[in-house]
Amino acid sequence: MELSIDVEALAPVYSLNPSDYLYTMNFVGKVSVENIQKTVAEFYKIKISDILSKKRSRNFSRPRQIAMTLTRELTNMSFPDIGAAYGGRHHTTIMHACEEIEGLRLKNQNIGHDMGFLTQVLRG
């Protein structure tokens, strides 16, 4: 299923300017894990080191789970490869993150909007 979201329309909801994220669009159809980590960290106003850290606070764990899920959806990386890219986490941690975010997407409209906005920014 192709997700089509007008980034310009979503920007006022988040008080963001999509052009602020243009540096992430230097790929044509190809998204890297580093690019996902950088974009998610910037969006949630945290450091990339927080995404890679073992901090369990929801302020850091939720963006980390979102980044892991986006990595799974937008790249061809396996669960073990994604775990290695996120601080050497076990592949089941990545599986849990993806399941958690999928469940939250259905329950929490903000998560769905965030994921849609970030996907649109990353894909260009």
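Trainee: What makes the pairing of Gln65 with the side chain of Arg62 a polar contact?

Mentor: In this predicted model, the side chain of Gln65 comes to 2.8 Å from the side chain of Arg62. A polar contact asks for a pair of N or O atoms within 3.5 Å, one able to donate a hydrogen and the other to accept it, and therefore the pair at 2.8 Å is called a polar contact.

Trainee: Why is Gln65 called buried?

Mentor: Gln65, which lies in helix α4, residues 58–74, has a relative accessibility of 13%. The word buried is kept for values under 20%, so Gln65 at 13% counts as buried.

Trainee: Which residues does Gln65 touch, leaving aside those up to four places away in sequence?

Mentor: Gln65 touches His96, Ala97, Glu100 and Ile101.

Trainee: How do helix α2 and α4 pack, and what is the handedness of their crossing?

Mentor: Helix α2, residues 33–43, packs with α4 at an angle of about 145 degrees, the axes being 9 Å apart, and the crossing is right-handed. The contact is made by Val33, Ile36 and Val40 on the α2 side, and by Pro63, Ala67, Leu70, Thr71 and Leu74 on the α4 side.

Trainee: What makes the contact of α2 with α4 nonpolar, polar or charged, by class?

Mentor: Sorted by class, this contact has 7 nonpolar residues, 1 polar residue and no charged residues.

Trainee: Why does Val40 count as buried?

Mentor: Val40, found in helix α2, has a relative accessible area of 0%, and since the limit is under 20%, Val40 is buried. Setting aside residues up to four places away in sequence, Val40 touches Ile51, Pro63, Ala67, Leu70 and Leu118.

Trainee: How far apart are Val40 and Met115, in sequence and in space?

Mentor: Val40 and Met115 are 75 residues apart in sequence and 9.6 Å apart in space, C-alpha to C-alpha. Met115 is found in helix α7, residues 109–123, and at 1% relative accessibility Met115 counts as buried, because that value is under 20%. Met115 and Ile66, which are 49 residues apart in sequence, have 7.3 Å between their C-alpha atoms, and Ile66 is one of the residues that Met115 touches.

Trainee: What elements does the chain have, and what share of its residues is buried?

Mentor: The chain has 7 helices and 0 strands, and buried residues make up 44% of its 124 residues.

Trainee: How confident is the predictor, and where does the pLDDT stay under 50?

Mentor: The chain averages a pLDDT of 85, with 77% of the residues scoring at least 70. The pLDDT is under 50 over residues 1–7, which have 12 contacts beyond four places in sequence, and it is below 50 over residues 21–28, which have 17 contacts beyond near neighbours in sequence. Where pLDDT is low, the predicted coordinates should not be read in detail.

Note on methods:
Residues numbered from 1 in each chain as written. Predicted model: local features only at pLDDT ≥ 70, side-chain atom pairs only at ≥ 80, totals over all residues. Heavy atoms only, no water. pLDDT = per-residue confidence, 0-100. Contact = heavy atoms within 4.5 Å. Helix = DSSP H or I, 4+ residues; strand = E, 2+ residues; numbered from the N terminus. Buried < 20%, exposed > 50% of the residue type's maximum accessible area, 1.4 Å probe, protein only. Axes fitted to C-alpha atoms, helices over the stretch in contact; angles between N-to-C directions. Left-handed = near helix turned anticlockwise from the far one by under 90°. Nonpolar A, V, L, I, M, F, W, Y, C, P; charged D, E, K, R; others polar.
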